[in-house]
Structures are given as structure tokens and as C-alpha cells.
Amino acid sequence: MREIELSLNQTQKIRLKRALEKLESFSSKASSNSNASVSISDSIPVNHEDGVLKGHGTLDLNGELVATLCGVVERVNKLVYVRALRARYKPEVGDIVVGRVSEVAQKRWRLDIHYSQDAVLMLSSMNLPDGIQRRRTALDELNMRSIFEENDVICAEVRGNQHDGLHLQARSQKYGKLERGQLLTVPPYLVRRRKQHFHHLEQYGVDLILGCNGFIWVGEHVEARDDMVEDQVSKPEQQNIKSNKNSISLEEQEQTYTPIETRQSICRIANAVRVLSILGFNITIEVIMDTMNLSSSLNLDIHEMLGSEFCVLVAEGEAERRSLTKKKG
Amino acid sequence: MVGLSLGEKHFIQGGIAQDIRSDGRKRLTYRPINVETGVIPQANGSARIRMGATDVISTVKAELGKPISLQPDKGKVSIYVDCSPTAAPMFEGRGGEELSTELSVALQRSLLGGKSGAGAGIDLSSLVVVEGKICWDLYIDCLVVCSDGNLLDALGAAIKAALSNTGIPRVQVAAGASGDEQPEVDISDEEFLQFDTSDIPVIVTLTKVGRHYIVDATTEEESQMSSAISISVNRKGHICGLNKRGGAGLDPSIVLDMISVAKHVSEQLMNKLDSEIAAAEAGEDES
């Protein structure tokens, strides 16, 4: 069992172990024999007469098909391969990712998305601030920094793997710079591909973006702006904020802070994600909401969510939930 | 260390101003502290402290040596900190040396007092074996395994835990040695004397961000600080050492205010640490 870095006392260790064992038993009942998980040098059961294609993670050893990775066996028609469970993020077209700008280069931004290379967001794949569709001129290129700077957090979609790297696009209103919130990093294999990655939690006024690369953004809700209308009003304000950053007095800054209730919800959701990441559970909106409700119902202080007691409770709750869904379906 | 965007910095500053930090803590709340003692069996005493993601290991090794001629009735203690490259990429090679020296000096000032040995948090007179001739040299070595802010507090706590785990072998001095000769000593392998750690101070670091101070800052919060004061306070509430970091100037009234806040926080921290250390030692005895 994977060692979890929590300081648990004896009873908590036993309870956690029991909950995790229960979850493991569900998963092993679910998977059929042919999709069994394998470790290195396990032989993969294959019907040799069928003319099987050996994919990634397999090796032909003395006529036997043997796994070279620890993972799950996947079969697609005649292709048999082993998919590693704890792999680095592997981007696919259409994935929503959250990244941090590492460099402003010629006509593009380079973003760090926790992948083996930096992703590229071309200037032409970005909507201009004034919303007009036109050719990007040299002036646009010089003003790139006014759109995104270094270390900005950006939400975008994967466009594809081009010759010079992974390309992203951010042509819709829902993509773009993320402010007023916090960025969390979880292992990428915990975020599965779903239909919806943008979640607007109305009752808390919080935006939750589950990036497929393991970057999760929790922040105050920002309405998707119509750039053409707002441009005249908001642009001078933004420029003021940036240029007068040092001379803005503390009182003025305080007025622009997130309201307290929203901040509490943001921190609670962030802690829920942290707890799920520590326990290694898949991060989906349902599980996050369940964890949130559990913590609210127990009247826990927000920072106590990161304590060992709550982690054990979450594990037990998840085991319960899964046993209930098993009984239903 | 990853950079932060303007929006994230604003969020952190807002959180500190509104008393709800990024993980929900209040300004004066510590992260959960996890203490393990006896992690390195070859040393006389060792401890590992985890505060959130910050992970430090401290070991104590005792050797017989000669006391300094100016202080014949006191033993010697030397503290050294090493930042492992696994803690952060910038610590690779010689990158961590500046931080290591800064931490070592800060710890020495907080725990050992001045050059004359006066005001030391650790009682050096208990380390002497034969006055003027033989004393115990304690080498305290600390390793930063993972760094997520608040290293000084974690190191101070680790040293306290390691010293309470330290067993100094009992020494038999052969009687009848003349004035100048080195007396014969017999170091026993069996009996150990536990070090008295009730007077060892704890270090509380207060980081000033905007108008407020926070305790136990993470790396992101530390990147927003204007200045930080580390105060080591002992059980009686007396200040054993004071250290200021950061280029911004502080009004003296703010410094006094921070000191009183640190005194208040140190009581809770001291109690928490003592109970955790006791639990860790009890757990170690069982296993």
C-alpha cells in the first residue's frame, strides 16, 4: 500500500488501511481477467492465433508476451499495450489545460504545463483585447506583454502536436488569464477526461477549472467579458493598476480583495482538492462537492481539513459511496 | 521556486489581510507538526520534523574534546545546516550554501548565545567532564530535505527534539591523575545520560506581509514578505535570540509588537512540541 505522508495515530492508521482495502476489493472485482493490472515481467494472456500487434510496454520473450511496465493492459482490436498508471501528463487534442507563462517569445508565449516540454500559445491563437479579427501586426507583437506576462496563469485548450512542440489555443471567452484565486498542483493521472472541466459553483461564487495536466485553478468567479464593449472602460483601469502598483495605498488595495465568504469557499475547495490528492483519489466535481459537504457538516475549521482525522473520514466516506454505487448498479 | 502571477500575489496578500490564508489557516496558526525521533541510529540523538511540506532532519553527535582555555568549565556545541539539493533545484551544487550559512548563524545566535557562552539556551556547563581538560563536544548537524517555507522554526524544533533524544554516554574518570596529564577516561557503552532540554528555546518566525504578521509562512507567502523577525523564546518567556531578515525597514513599535506576539505564540508552540516529542519518544520505545 502506498505510504501516505500523514501523521496518523494507531487507530487512524487501522481505519485508513481498512477503507483503502475496501476500495481495492471493489476495483479488483470490477475488472475482468483480460484487463488485469500487470507488473514488469508479468505475462499478458493473449490468443496467439489471432495475430496480435505488440504495442507500448510489451515485449516478446520466448514467444510469450511480457509486460515491461507496471500498469493496466489495454486492448484495441488487435493491438495490445500496457498503459502506465502514474505516467506524466500525455496531452490529447481538445484537452483543457492550465499553464503558467514561462517565456514571452517571438509571436508566441511558452507555457509550463507540467509536460516534458513547454507548450506554445501562438499570438494568432489568442483573441486580441479589442476583439476584432485581424492580422496580427508588429505592434501587436510588441504589445504581447500587455496581454500575458511571465508567470501569469492561463487556461487554454490543446490544439495539437505541431513540429515545434505542443500548440494551444485560447480563442474562446472562457479561456485566458486567471486571476483572483489559487493554483494547485496534483498528479495528472488523478484528473480524468470528462465532458466538463469548467465548473462554476454558483452557491459559492467560485470558479473551478480541472486542468487535465494536473493544474487545478480555484478562484473567484469572473464573468466571461465581452471585450468589445468593456474595452473602453476597463482598459484604463487595468493600466492604472499595473503602473501604479507601488503607489496604491493599502486601503485601496484592500477594497479590491476577494470578499470573505468567497475566500472561505475558495480555501475550503482548495483543501478538499489537497486532501483528495494526498489520498490519491480521482478528482472529479462530485467527489470535491462531497468532501466539501462533509467538512461543512462536521463544522470543521478550514485548516483542519488538512489534518489526519479528516483524511481518514474522507477515505471512509469514499469507500461507503463506492459500495453504495456497487449495490445499485 | 515557481514564480507567482500578479493575481495570485494579490490573492495571497488579501488572504493574509482577511485572516484566511491559502489553506484556511489563521495568521497565527501553525501547520500540523509531525515529530519522529531516533531516525538515525548511528547518532547520539536525532529527530525529523515535518511542518506541512517542510521536512528537516537534525542529528546530534557527541565526542570527547578539550574545552576552550577561556571557558574551562563549559563544553562546546557547534551547529551546522546543510540544504540538500532534493529540497529545491536552486540548492544544487553550491547554490544552497548561502542559505545554509545564514541558517547556521541564525541558529547559533538563537540557541548558543554570545561568544563568551553567556546566555546560551543550551546549558554548556552540563557538558563538562573534567574541568579544564575534558568536555563533551556536541556536533549538531541539520539537513533540509524539503523546503516549503519557515525553515528556521522547523530547524529549531528539530534541534530541540534531537537533543531530547540524545543520550550521552556515561564517563568514568580514572582518579589520581596529576595536574597536566590527560586523565584516563572510560566511556561506557551501556549507560546514557539524557540531556536536559527543558530550557531549550523554540524559534518563532514572524513574517510581515502588508500590515499583518503571519506565523509559519509557506514559500509563496514568504515571497510576498517585506521583512521577517525570528525570535527564540524559552519556557520562562525570555528572549534568547533575535534575528531580522528582509530589506524593508521596520518601525521600532512594530518590532516590539511582533516580539509580544511571538511570545504569545511561543507558549502554544512549546507545549505542542513538548507533547509531540513525548509522543514520538513513547512511540519509538514501543517499536
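Helices (H or I, at least four residues) and strands (E, at least two) are DSSP runs, numbered from the N terminus. The model is predicted, so that local features need pLDDT of at least 70 and side-chain atom pairs count only at pLDDT 80 or more, while totals for chains, interfaces and linings use all residues. Residues are numbered from 1 along each chain as its sequence is written, chains are lettered from A and ligands numbered from 1 in the order in which they are written, and side-chain values use heavy atoms, with hydrogens and water left out.

View 1. Helix α1(B) covers residues 6-17. Buried residues (under 20% relative accessible area, with exposed over 50% and partly exposed in between; 1.4 Å probe, protein chains only) include B:Phe11, B:Ile12 and B:Ile16 of α1(B), along with the glycines B:Gly7, B:Gly14 and B:Gly15. Just after α1(B), B:Asp19 has a positive phi of about 70°.

**View 2. Packing of α6 against α7 in chain A.** The axes of α6(A) (residues 260-279) and α7(A) (residues 285-297) come within 9 Å and cross at roughly 115°, where axes are lines fitted to C-alpha atoms, for helices over the stretch in contact, and angles run from 0 to 180 degrees between N-to-C directions. That makes the two helices α6(A) and α7(A) roughly perpendicular (65 to 115 degrees; under 35 is roughly parallel, over 145 roughly antiparallel, and the rest oblique). On the α6(A) side the contact (heavy atoms within 4.5 Å) includes A:Ile269 and A:Val273, and on the α7(A) side A:Ile288 and A:Met292. The contact residues divide into seven nonpolar, three polar and one charged.

**View 3. Packing of α7 against α8 in chain A.** Helix α7(A) packs at an angle of about 125° with α8(A) (residues 308-328), their axes being 11 Å apart, and this makes α7(A) oblique to α8(A). Among the residues that make the contact are A:Asp290 and A:Leu294 of α7(A), together with A:Phe310, A:Glu318 and A:Arg321 of α8(A).

**View 4. A:Asn47 in its loop.** A:Asn47 lies in the loop between β1 (37-38) and β2 (53-54) of chain A, and it counts as partly exposed because its relative accessibility is 45%. The C-alpha atoms of A:Asn47 and A:Ala156 are separated by 43 Å, the two residues being 109 residues apart along the chain.

Methods: Ala, Val, Leu, Ile, Met, Phe, Trp, Tyr, Cys and Pro count as nonpolar, Asp, Glu, Lys and Arg as charged, and the others, Gly among them, as polar. The expected span of a helix is 1.5 Å times one less than its number of residues.
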